[in-house]
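Subject: Handover of a structure and summary of findings

Dear colleague,

Please find below the structure that I am handing over to you.

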Amino acid sequence: MIQQRLVLAINQGMVLDHIPAGQALKIMRLLHVVSDQQRITLGLNLASQRLTLKDLIKIENRLLTEEEFHQVSIFAPEATLNYIENFKISKKVRCQLPKRIHGIFICPNNNCISHGEGQTAFQVESALKTVMLSCVYCERRFERDQLVKNYL
C-alpha cells in the first residue's frame, strides 16, 4: 500500500498539531491568521491515535510569539508546535497552560470592573480535561468554552 500525504510540506513556518477536534477555527480566529497573506493549511477532524480526531494548522513563513503560544494552549493544552526550517522540523514544543492570560477574553460578568477598565486578566486553572479560568477582577470562575464567545 502506498502512503500519500494529505497536506503539503512547507519550507519555513510552523505546524500546530494535536489540536483537539473543533478547536482549530477558534485558534485561527484568535491568532488573526486569516488576514495574513501567508499560505495556511487547515486540517479538521483528522485521524489521530492519541486523540481519535484532531485538527491541524500549518502556517508558512510565520512563527508564534510566546504570548500567542500561551493563548493557543488555552484551546489546545496538549498541542504540539513544530517549527519548520528547510522542510524539516527544527524544534518541537508541547503546549503548557500559562498561569495567567491577559487581553484575550471579555469577562461574561456584566458587573465586573474590567468592563470599565478596558483590560482583562484571567487566572488559568485546569481540572482534568476542562480548562477553567477565573477573572482576576471579579473572581468569578468560568469554563473556557463560556469565554470563547467573548473575544476582545
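In which segment does Ile10 lie? Ile10 belongs to the segment before strand 1 (12–20). Please bear in mind throughout that this is a predicted model.

Ile10 is buried, and its relative accessible area is 6%. Not counting residues up to four places away in sequence, Ile10 touches Val15, Ile59, Glu60, Ile84 and Phe87. A separation across the model can also be given from this residue: the C-alpha atoms of Ile10 and Glu139 are separated by 43 Å, and the two residues are 129 apart along the chain.

Overall organisation

The protein has four helices and nine strands. Read from the N terminus on, its elements follow the order β-α-β-β-α-β-β-β-α-β-β-β-α. The C-alpha trace spans about 60 × 30 × 25 Å along its principal axes. Of the 152 residues in the protein, 41% are buried.

Helix 1 and helix 2

Two packed helices are described by the angle between their axes and the distance between the axes. Helix 1 (residues 24–31) and helix 2 pack at an angle of about 155 degrees, and their axes are 10 Å apart. An angle over 145 degrees counts as roughly antiparallel, and helix 1 and helix 2 are therefore roughly antiparallel to each other. Their crossing is right-handed. On the side of helix 1 the contact is made by Lys26, Ile27, Leu30 and Leu31, and on the side of helix 2 by Glu68, Gln71, Val72 and Phe75.

Helix 2 (residues 66–75) is mostly covered, with seven of its 10 residues buried. The buried residues of helix 2 are Glu68, Phe69, Gln71, Val72, Ser73, Ile74 and Phe75.

Glu68

Glu68 is found in helix 2. Is Glu68 buried or exposed? Glu68 has a relative accessible area of 15%, and it is counted as buried because the cut-off is under 20%. With which side chain does the side chain of Glu68 make a polar contact? The partner is the side chain of Arg62, at 2.8 Å. The side chain of Glu68 also reaches the backbone nitrogen of Thr65, at 2.9 Å. Leaving aside neighbours within four places in sequence, Glu68 is in contact with Leu31, Arg62 and Leu63.

Asn45 has its place in strand 2 (residues 40–48). Although Asn45 is not a glycine, its phi is positive, at about 55 degrees. Asn45 is partly exposed, with a relative accessible area of 48%.

Asn61 lies in the loop between strand 3 (52–60) and helix 2. The phi of Asn61 is near 60 degrees, which is a positive value in a residue other than glycine.

Asn82 is found in strand 4 (residues 80–85). Asn82 counts as buried, at 6% relative accessibility. Not counting residues up to four places away in sequence, Asn82 touches Gly13, Met14, Val15, Asp17, Ile89, Lys91 and Lys92. Val15 is also among the residues touched by Ile10.

Cysteines

How many disulfides does a search of the whole structure find? The search finds zero disulfides. Cys107 is in no disulfide, and the nearest cysteine sulfur, that of Cys138, is 3.7 Å away. Cys138 is likewise in no disulfide, and for it the nearest cysteine sulfur is that of Cys107. Cys107 is buried, with a relative accessible area of 2%, whereas Cys138 is partly exposed, with a relative accessible area of 22%.

With kind regards

Key:
Residues are numbered from 1 along each chain as its sequence is written. This is a predicted model: local features need pLDDT of at least 70, side-chain atom pairs count only at pLDDT 80 or more; totals for chains, interfaces and linings use all residues. Side-chain values use heavy atoms; hydrogens and water are left out. A disulfide is a pair of cysteine sulfur atoms within 2.5 Å. Buried means under 20% relative accessible area, exposed over 50%, partly exposed in between (1.4 Å probe, protein chains only). Helices (H or I, at least four residues) and strands (E, at least two) are DSSP runs, numbered from the N terminus. A polar contact is a pair of N or O atoms within 3.5 Å; within protein, one must be able to donate a hydrogen and the other to accept it, and residues adjacent in sequence count only if both atoms are side-chain atoms. Contact means heavy atoms within 4.5 Å. Axes are lines fitted to C-alpha atoms, for helices over the stretch in contact, and angles run from 0 to 180 degrees between N-to-C directions. Angles under 35 degrees count as roughly parallel, over 145 as roughly antiparallel, 65 to 115 as roughly perpendicular and the rest as oblique. A crossing is left-handed if the near helix is turned anticlockwise from the far one by less than a right angle, and right-handed if clockwise.
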